[in-house]
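Work through the exercises below with the model open. Try each task before you read its solution.

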Amino acid sequence: FVGSWVAGWTNAKYGRRFSLFMVAADYFFSWIGMAVAPSSTIFLLIRFFNGFGCGSSMVTVITYVVELSDQDVRGMMLTIPQISQMAGQLAAAILGYYVRYYYVSLIAALFPAIMLIFCFFLPETPSNLILK
């Protein structure tokens with residue numbers, strides 16, 4: 001909920017590409033933090049920031065996809081982030097049944113690490129470039 005508000009502000013002020021980078025960084029560091037958290041209190045605090053990134057990612061990703069996709073495929077393109085997030089949650093739940101949470105967190109940190117690398121190659125949206 002709070003992440004969505006902040007994402008709207010960062011999307012408008014700094015651009016969609018930078019916001020995607022910040023979301024990926026939040027996910028990466030929160031997953032690593034959950035893997036090495038020394039206590040349950042620290043774990044829950046880091047988990048809050050992970051949820052913050054989850055809320056902001058949906059706003060940022062949807063805005064980015066809407067502004068870059070063609071009108072004919074926009075609806076299909078908007079379902080992909082939603083399905084990907086739900087599939088990731090299902091995979092984490094299934095993997096968590098068989099593997100310690102430490103390893104699940106490290107595996108989950110791989111995906112935002114890849115996204116951090118690809119964020120350097122993403123274009124900024126045309127509407128954001130016009131606003132600048």
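**Exercise 1.** In which helix is the place of Leu 110?

Solution. Leu 110 sits in helix 5, a stretch that runs over residues 101–119. Helices here are DSSP runs of H or I with at least four residues, and strands are runs of E with at least two, numbered from the N terminus. The model is predicted: local features need pLDDT of at least 70, side-chain atom pairs count only at pLDDT 80 or more, and totals for chains, interfaces and linings use all residues. Residues are numbered from 1 along each chain as its sequence is written, and side-chain values use heavy atoms, with hydrogens and water left out.

**Exercise 2.** Is Leu 110 buried or exposed, and which residues make the nonpolar surface patch?

Solution. Step one: Leu 110 has a relative accessible area of 52%, so it is exposed. The classes are buried (under 20%), exposed (over 50%) and partly exposed in between, with a 1.4 Å probe and protein chains only. Step two: the patch is made by Val 36, Tyr 102, Tyr 103, Ile 107, Leu 110 and Phe 111, and covers about 600 Å². Patch residues have over 30% relative accessible area and no salt bridge; nonpolar side chains (Val, Leu, Ile, Met, Phe, Trp, Tyr) are joined within 5 Å, like charges within 9 Å. Areas come from the Shrake-Rupley method with a 1.4 Å probe; for residues, only the protein chains shown count as cover. Step three: helix 5 gives the largest share, five residues.

**Exercise 3.** Which residues form the salt bridge?

Solution. Apply the rule: a side-chain nitrogen of Lys or Arg within 4 Å of a carboxyl oxygen of Asp or Glu. The count comes to one. Glu 67 pairs with Arg 16, with the closest N and O atoms 2.7 Å apart. The pair links distant parts of the chain, 51 residues apart: Glu 67 is in helix 3 and Arg 16 in helix 2. Now check cover. Arg 16 is buried at 9% relative accessible area, whereas Glu 67 is partly exposed at 24%.

**Exercise 4.** What does Ala 24 touch, not counting residues up to four places away in sequence?

Solution. Start with location: Ala 24 is in helix 2. Its relative accessibility is 0%, so Ala 24 counts as buried. Contact means heavy atoms within 4.5 Å. On that basis, Ala 24 touches Pro 112, Met 115 and Leu 116.
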